[in-house]
Amino acid sequence: MALPSTDTSRRDNTLAVIRTLRDQGPLARVDLGKLNGISSATVTSISAELLQQGLITEHPHATPRPAVRGRPKTLIALDPQAAYVVCIKLSINEIQLVVGNFAGQVCHSEYHIIPTLKLTADDLVTLLQEKVSAVCAQQQGKFQRLAGICLAVQGVVSSAYGTIIWSPALSFRNASISDHLVEHFNCSVLLENDANCIISFLAAQPAYADSPNLVVIMLGYGIGMSVLINGVPFVGANGSAAELGHSKYQPDGTLCACGRRGCIEAYVSDYALYREAVHHSVLLNDETTHPSESQMRSLTQMAAQGDPQAMRIYAEAGRALGYGIANVLALFNPDLVLITGAGVRGFDAMQEAMQHAISEALVAELVGSTRIESHAWDQDMTCMGGIAMTLYATDSQTLLSTNERA
């Protein structure tokens, strides 16, 4: 039985059931109704259709909780094999491909070392088509269909037009990418800034459920930021909003990877910290602009052990970051500023100078009750967020596809 295309309420309720099951895992029908404000009869009808379409499965032998009378509840869950999505994380000289199933679980991941700065736009499209095709061939027979692809990119992108405007990982600018992938794979393709993928993942965590006005700052090779206002991403007119790293700390200051001077990124990013460490002979110069994780951990450890030059480098980075955060607080008044990314390894070394800079830049009333916290980078949240965003965007298409086959 196909869902009537004109019944938007029915469709919305069905999508709510699917997304709740993805977020919460197996649930009883009565609990799904309570969580979404849907009647038991409607949930029963929707679940019958989803079972018929192969999108959910039943777990009829759920064990009842102790001291609860009556028959054990039958749980329903998403069928992980109903569809899959591929998230591609593009960063400097590396691409990562991660496969997520219909339940949002990661079931495959692979890395490739690629000289990304030598690629033309056509080279990138060809490379992505080859790598995704190879992953899809591996997944053949495991899933009903490929539902969508997400390309998560460092830098400035236009999600609406599927265009990479600028990325430190690439030597070209203003290249249309998504349309080529849509044509080749015949599925939905999202092009997203990597920080937007991360905030999507973090915003779904219970610990941050009370922060609908959320700012996530990602420290790493570059400096990324994403903003939620009342739970809705703020991306700006062409997708370049919230580029904290390229707002100014010192006019005519240190050179940034974007080609301008004085950007916050030019003081806080891994390449900026490494550049200063080499300049002051804190680290040996191996003639790279892309320092390794081991090099950055060595610098962080030196600061923690009291090396005066390493401490000074991180203090200057903290000051630059603090002034950037002060501007964020004054402009957006968020509930929470969350600092994460691989570069959070050095947060302790920056924190005192960062807090002092915020206090120096703003009156207490503008800081208000906003919390500023760090979040450990113990897993790469970029692809997790990209998978969730792609599934969310393609749920309606999955329903349409299964209806057409019914």
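Student: How many residues of strand β7 (residues 146–153) are buried?
Tutor: Strands are DSSP runs of E, at least two residues long, and helices are runs of H or I, at least four; both are numbered from the N terminus. Buried means under 20% relative accessible area, exposed over 50%, partly exposed in between (1.4 Å probe, protein chains only). Strand β7 is largely enclosed by the rest of the structure, because its buried residues number eight of the eight.

Student: What kind of model is this?
Tutor: Residues are numbered from 1 along each chain as its sequence is written, and side-chain values use heavy atoms, with hydrogens and water left out. Local features need pLDDT of at least 70, side-chain atom pairs count only at pLDDT 80 or more, and totals for chains, interfaces and linings use all residues; the model is predicted.

Student: Which residue in β7 is the bridge partner of Cys87?
Tutor: Two strands pair if DSSP finds at least two bridges between them. Strand β4 (residues 84–91) pairs with β7 in the parallel sense, over seven bridges. Within β7, Cys87 is partnered by Cys150.

Student: Which residue in β11 stands opposite Ile149?
Tutor: Strand β11 (residues 188–193) also pairs with β7 in the parallel sense, over six bridges. Opposite Ile149 stands Val189.

Student: How many aromatic pairs does the structure hold?
Tutor: Rings of Phe, Tyr and Trp (its six-membered ring) pair if their centres lie within 6.5 Å. Planes under 30 degrees apart count as stacked, over 60 as edge-to-face and the rest as tilted. The count of aromatic pairs is five.

Student: What class of pair do Tyr249 and Tyr267 form?
Tutor: Tyr249 lies in the loop between β14 (232–233) and α7 (265–268), and Tyr267 in helix α7, so the pair ties together parts 18 residues apart in sequence. Both residues are buried. Their ring centres are 5.0 Å apart and their planes are at 80°, so the pair is edge-to-face.

Student: What class of pair do Tyr249 and Tyr323 form?
Tutor: Tyr323 sits in helix α10 (residues 308–332), 74 residues from Tyr249. Tyr323 is partly exposed, at 24% relative accessible area. The ring centres of Tyr249 and Tyr323 are 6.3 Å apart with planes at 50°, so the pair is tilted.

Student: Over which ring does the charged end of Arg19 sit?
Tutor: A charge sits over a ring if NZ of Lys or CZ of Arg is within 6 Å of the ring centre and within 35 degrees of the ring normal. For Arg19, the charged end is 3.5 Å from the centre of the ring of Tyr392.
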